[in-house]
Amino acid sequence: DNLRRERVVFDGIYKKLERELEERKREMAKIIEVSNIAFEARDRAQQEMAMLKAQADKEQQNFEKEWRELGN
């Protein structure tokens, strides 16, 4: 009888631990998904920033070229 009662207690503890583990796995999956979305957004922002910088450099060069031409 004692062993059966202990078994029931241990089974209950084991099931509780399994539920907690599954919950933690779900939480981790959500966090990983959110971090992946954030990384993708960061990458897009960096690409856009590089494109805008290249465009600004090109416009600066065109301005300087026109300025020199007007000076001549």
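A: Arg-42 and Asp-43 form a salt bridge, with their closest N and O atoms 3.1 Å apart; the term covers a side-chain nitrogen of Lys or Arg within 4 Å of a carboxyl oxygen of Asp or Glu. Arg-42 is partly exposed at 42% relative accessibility, and Asp-43 is partly exposed at 34% (buried is under 20% relative accessible area, exposed over 50%, partly exposed in between, with a 1.4 Å probe and protein chains only).

The model is predicted: local features need pLDDT of at least 70 and side-chain atom pairs pLDDT 80 or more, while totals for chains, interfaces and linings use all residues. Residues are numbered from 1 along each chain as its sequence is written, and side-chain values use heavy atoms, without hydrogens and water.

The structure holds 5 salt bridges. One of them joins Lys-25 and Glu-22 at 3.9 Å, N to O. These two residues are 3 apart in helix 1, so about one helical turn separates them (a helix is a DSSP run of H or I of at least four residues, numbered from the N terminus). Lys-25 is partly exposed at 47%, as is Glu-22 at 39%. Another salt bridge links Arg-4 to Asp-1 at 3.3 Å, N to O. Here Arg-4 is exposed, with a relative accessible area of 59%, and Asp-1 is exposed at 63%.

As for the setting, the protein chain has 1 helix and 0 strands, and 0% of its 72 residues count as buried. Its C-alpha atoms fill a box of roughly 105 × 10 × 5 Å along the principal axes.
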